[in-house]
Amino acid sequence: MSIVEKIGLRALRSFDPEQAHGLALKALNTGLGPKGGPVTSDRLRVSLAGLDLPNPVGLAAGFDKNATALAALARTAFGFLEVGAATPLPQPGNPKPRLFRLTEDAAAINRFGFNNDGMDAIGERLKGHRGIVGLNLGANKTSTDRAGDFARVIAHCGPHVDFATVNVSSPNTEKLRDLQGKAALAALLSGVIAANATNVPVFLKIAPDLTPDELADVAEVANASGIAGLIATNTTLDRDGLHGPHKTEMGGLSGQPLFEKSTRVLAALSGMTELPIIGVGGVGSAEQAYQKIRAGASAVQLYTALVYGGIYLAGDIARGLDDLLARDGFSSVAEAVGTGRGDWT
């Protein structure tokens, strides 16, 4: 990390976390940040659910909720981007404050509640995007048909994205996680697939707090549903071992404390399905990205680590991952997928 970026990150951390997030997006849009585009090599290129990624390091949903910084993010080192979550109607989300830094833990807690500009505005911004961009699908808090909301968003925005993610694993919309139940999930995914007129790959993002039986049910439904892959995992409700003063705040915990739990869920899930999996949760270094891949992930995503490592971290991770693959004699990411799963199960 350059001295300039260190100073910038230190300055951002002097602001309220949500305000700092907005300033970071504005800084990207004014031309600050990386400009070289995705890091790539023969080893790093990945074919994921029909998508040709220059590298397997992606930006997780939540950083650019409203797709307002797509052009700037396309110039960064990320191999793919995910924006959203988008709901059919705009909504303000939960009351502020709703984002908390846990600096001592290299973590964050959020309870945003799907605050976004709605699918009409977000869909318009997605038109003509560069690179591989996906959209996280959400449901409105006041909706009487939340399952139908996911279908409505993909029907409207599907023509403008490269993939879509069904997000039933956010802990910040009351009873949303109930849609991970076997019957409800099967019906929801069926509706999304039927509404997916442009046949973009559909992923399902799961929670890290599922029991083994619940995880097996999710895998069974996913295998039979026609979706393209899974994302493991979203944020956790666990608070074990935290040190930061905000550790008791309500919401989803992300960052370093999630790494082990999310990776164990990833490894277990990879033994239950042949669908490709994107590994998320606590990725903050090339070594952690590599561990996710060896546990069964075909690609990874990060977000919270950017709070502490900056936007240039994506390039550092991609280049470091290339070195780790070469060190261990792998000619591609695909060769390494799942080779260390036994370490996590």
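Start the tour at helix α9: its buried residues pack against α8 (259–270), β12, β13 (299–302), α11 and α12 (333–336). Keep in mind that this is a predicted model.

**Stop 1: around α9**

Select residues 286–295 to bring up α9, a mostly covered helix with seven of its ten residues buried. Colour Ala286, Gln288, Ala289, Tyr290, Lys292, Ile293 and Ala295 to see the buried ones. Now show the side chains of Arg294 and Tyr290: Arg294 lies over the face of Tyr290, 6.0 Å from the ring centre. Step past the end of the helix and you land on Gly296, which has a positive phi, near 135 degrees.

**Stop 2: the barrel**

Next, switch to a cartoon view and pick out the strands β3-β4-β7-β8-β9-β10-β12-β13, which make a closed barrel of eight strands with parallel pairing. On average, neighbouring strands here are turned by 25 degrees against each other, direction ignored. Click Ile231 and then look across to Ile278, its bridge partner in β12.

Then select residues 182–195 for helix α6, lying across β8 and β9 and running at about 150 degrees to β9.

**Stop 3: the core**

Which residues have the most contacts inside the largest nonpolar core? Select Leu135, Phe150, Val166, Leu204 and Ile206; the core they belong to has 98 residues. Helix α11 (residues 313–327) gives the largest share of this core, seven residues. Apart from this core lies another, of five residues, including Leu102, Ala107, Ile109 and Leu242. As background, nonpolar side chains in soluble globular proteins tend to be buried together.

Go back to Leu135 and show its surroundings: among the residues Leu135 touches are Val83, Ile122, Leu126, Val153, Cys157, Val161 and Phe163.

**Stop 4**

Select residues 107–110 for strand β6, which pairs with β11 in the antiparallel sense over four bridges. Ala107 stands opposite Gly255 in β11. Along β11, Gly252 and Ser254 point one way while Leu253 and Gly255 point the other, and all are buried.

In the loop between β10 and β11 you'll find Thr236. Is Thr236 buried or exposed? It counts as buried, because its relative accessibility is 2%, and the cut-off for buried is under 20%. Among the residues that Thr236 touches are Pro208, Asp209, Leu258 and Lys261.

**Stop 5: aromatic pairs**

The structure holds four aromatic pairs. For one of them, select Phe63 and Tyr303: the ring centres are 5.8 Å apart and the planes sit at 85 degrees, so this pair is edge-to-face. Phe63 is in the loop between β3 and α3 (70–74), and Tyr303 is in the loop between β13 and α10 (304–309), 240 residues apart. Phe63 is buried at 7% relative accessible area, while Tyr303 is partly exposed at 21%.

Finish with Phe259 and Trp344, whose ring centres are 5.9 Å apart with planes at 80 degrees, so this pair is edge-to-face. Phe259 lies in helix α8 and Trp344 in the segment after α12, so the pair ties together parts 85 residues apart in sequence.

Definitions and conventions:
Residues numbered from 1 in each chain as written. Predicted model: local features only at pLDDT ≥ 70, side-chain atom pairs only at ≥ 80, totals over all residues. Heavy atoms only, no water. Core = buried A, V, L, I, M, F, W, Y, C linked by side-chain atoms within 4.5 Å. Buried < 20%, exposed > 50% of the residue type's maximum accessible area, 1.4 Å probe, protein only. Helix = DSSP H or I, 4+ residues; strand = E, 2+ residues; numbered from the N terminus. Contact = heavy atoms within 4.5 Å. Pairing = 2+ DSSP bridges. Axes fitted to C-alpha atoms, helices over the stretch in contact; angles between N-to-C directions. Phe/Tyr/Trp six-rings, centres within 6.5 Å; stacked < 30°, edge-to-face > 60°. Lys NZ or Arg CZ within 6 Å of the ring centre and 35° of its normal. Lists of a residue's contacts leave out its neighbours within four places in sequence.
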